[in-house]
Amino acid sequence: MALTLDKTLEAANGNAKPDRRAPDLPLPPYLGRSVRIVGPVVNVDMNQSPHPKNQRGELGKPLFNWYRNTVSKDPLTRVSAPNHFADRKQFLTSVVNRDNKGKINPKRMPVADPAAMTRHIKAVARYMGADVVAVAQAHSSFLYAGSRYVQDGTAEDAYQTSSPADLVRKFPYVIVATTAWDYDKLQAHRHHIGDSAYHVSQMKGVVILKALEGYIKELGYTALRGVVTPQAAGVASGVGELGRNGLVINKTFGARIHMPDPILTDLPLAADQPVDIGVEDFCKICRKCANTCPTNSIPFGDKVVHNGIEKYKINWLTCYKLRPYVSDHWGSCLTCATVCPFTKPNVWWRSLTVSALSTCPIPARPALVRALKWIDDRFWGVARNNRVRWLSYDSGIKPGEQACTVAGCTASHDGKAHSPQMVGDAGYYAPLKENTNRFVKRDA
Ligand code: SF4
Ligand code: SF4
């Protein structure tokens, strides 16, 4: 594995220690207030990340079987969620990612003004459907070690033997283009409705990024995929700040955005900068995500240094382990994204609040955060349990009590096709936090 930062780089990012770098070593990148590089970073080997480990059966039989052998009962999930399709050819993400790589146009378009090109590429990405687009200056610590990684597909290219340092010298920019999940549907998290918000927007993101990759190649430049860690590029490019919940929190959409595989490129661009929207200040006080996480995977305590990076460290394994036990009823938990006070509809009062927080002097922010947290708890609830009705889905119905979720379906379902009449506005969200001990080991 490549070691991309030396311990002597601690002077960067606001540390008071003197800069003792070797002259040829680059400064560690500034990633904003929510996450800092404070020590040596070993490039992450994607073969050791959750999905590849699970594919090799290293995370236990329940997760392995869920990942490899579970066909979702929900038709929308079957066409939009990775690995739970009945027929892979009906899962668009798989079809798109498995397509062969396109060629680079040999007639390269010269770029005289990188800032103008940045505006242009952002406009193209937005027109293709991206909700958020930003550019990061590439840094070797953002890159994966070794082989490329694209889930359900391939990202092989001619530069797979290049070191991270060589890659960022040759391809200095990262384009982050992403989609947001529908706010109203996300309220029915831990339900097929929330799954749909998540997976359908994820599928759109895959198509947009593939189209953008092709567009860059048509301009005569390289576009590499499966190379860059999305979260690192997300905070470096100012898409958002890293929250206690391990998600990049955006000023417009909060935590309801994907962090898909970004594009590493040599297209001349102007990099954006990290942002300060107050996530750092909010997370110190709030802890709503940690309080409501059904598996206690989110820390209540301070940040820790993990692989040279100071951040809140979630326990991905306990988060992941929940899935096989709930797959009959939903696929993606999303509780930590939904309850986050930054995740609100994109309306004027939300923009005003984020603007007030981000322009407030830092010493005065704790008082403002306490006031905003009180308002959030009072008006939006400590835990979300809204009832959402959409198509023929209804999150007020206990999972398992409705046999069919397809609007207008007339098929026979062993007498279980009709939903019980439900009253009230509370959604049914399973499992409750206190019920998860039996299958997820927790510290406390
Ligand atoms: S279990 Fe749910 S709330 Fe907890 S970290 Fe995972 S997705 Fe977030
Ligand atoms: S819910 Fe609160 S603590 Fe968690 S990420 Fe959002 S602001 Fe931070």
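**View 1. Helix α2 has an exposed face and a buried face.** Lys 61 and Asn 69 are exposed on the face of α2 turned away from its buried side. Exposed means over 50% relative accessible area, buried under 20%, and partly exposed in between (1.4 Å probe, protein chains only). Helices (H or I, at least four residues) and strands (E, at least two) are DSSP runs, numbered from the N terminus. Helix α2 covers residues 61–69, and its buried residues are Leu 63, Trp 66 and Tyr 67. Seen down the axis, these fall within an arc of 90°, so they line one face of the helix. The arc is that of the directions from the helix axis to the C-beta atoms. The cover over the buried residues of α2 includes α1 (50–55), α12 (316–321) and α13 (323–326).

This is a predicted model: local features need pLDDT of at least 70, side-chain atom pairs count only at pLDDT 80 or more, and totals for chains, interfaces and linings use all residues. Residues are numbered from 1 along each chain as its sequence is written, chains are lettered from A and ligands numbered from 1 in the order in which they are written, and side-chain values use heavy atoms, with hydrogens and water left out.

**View 2. The whole protein has 16 helices and 11 strands.** It has 444 residues, and 51% of them count as buried. Contact means heavy atoms within 4.5 Å. Of the contacts with a separation of 6 or more, 76% join residues 24 or more positions apart.

View 3. The largest nonpolar core has 31 residues. Such a core is a set of buried Ala, Val, Leu, Ile, Met, Phe, Trp, Tyr and Cys residues joined through side-chain atoms within 4.5 Å. Val 174, Val 228, Val 239 and Leu 264 have the most contacts inside the core. Two or more residues each come from β2 (132–137), α6 (164–170), β3 (173–178) and α9 (230–236). Helix α9 gives the largest share, four residues. Helix α5 buries one face. Helix α5 (residues 114–128) has 15 residues and reaches 21 Å from its first C-alpha to its last, close to the 21 Å expected at 1.5 Å a residue. The expected span is 1.5 Å times one less than the number of residues. Met 117, Thr 118, Ile 121, Lys 122, Val 124 and Ala 125 are buried. They fall within an arc of 160° seen down the axis of α5, so they line one face of the helix. Arg 119 and Tyr 127 are exposed on the other side. The cover over the buried residues includes β2, β3 and α8 (192–218).

View 4. Arg 365, Val 369, Leu 372, Lys 373 and Asp 376 are the buried residues of α16. The face turned away carries exposed Ala 367, Arg 370, Trp 374, Arg 378 and Phe 379. Just after α16, Gly 381 takes a positive phi of about 95°.

**View 5. Ligand 1 has a shell without charged residues.** Among the residues around ligand 1 are Cys 293, Cys 319, Cys 333 and Cys 336. Each residue of the shell has a heavy atom within 4 Å of the ligand. The shell divides into seven nonpolar, three polar and no charged residues. Ala, Val, Leu, Ile, Met, Phe, Trp, Tyr, Cys and Pro count as nonpolar, Asp, Glu, Lys and Arg as charged, and the others, Gly among them, as polar.
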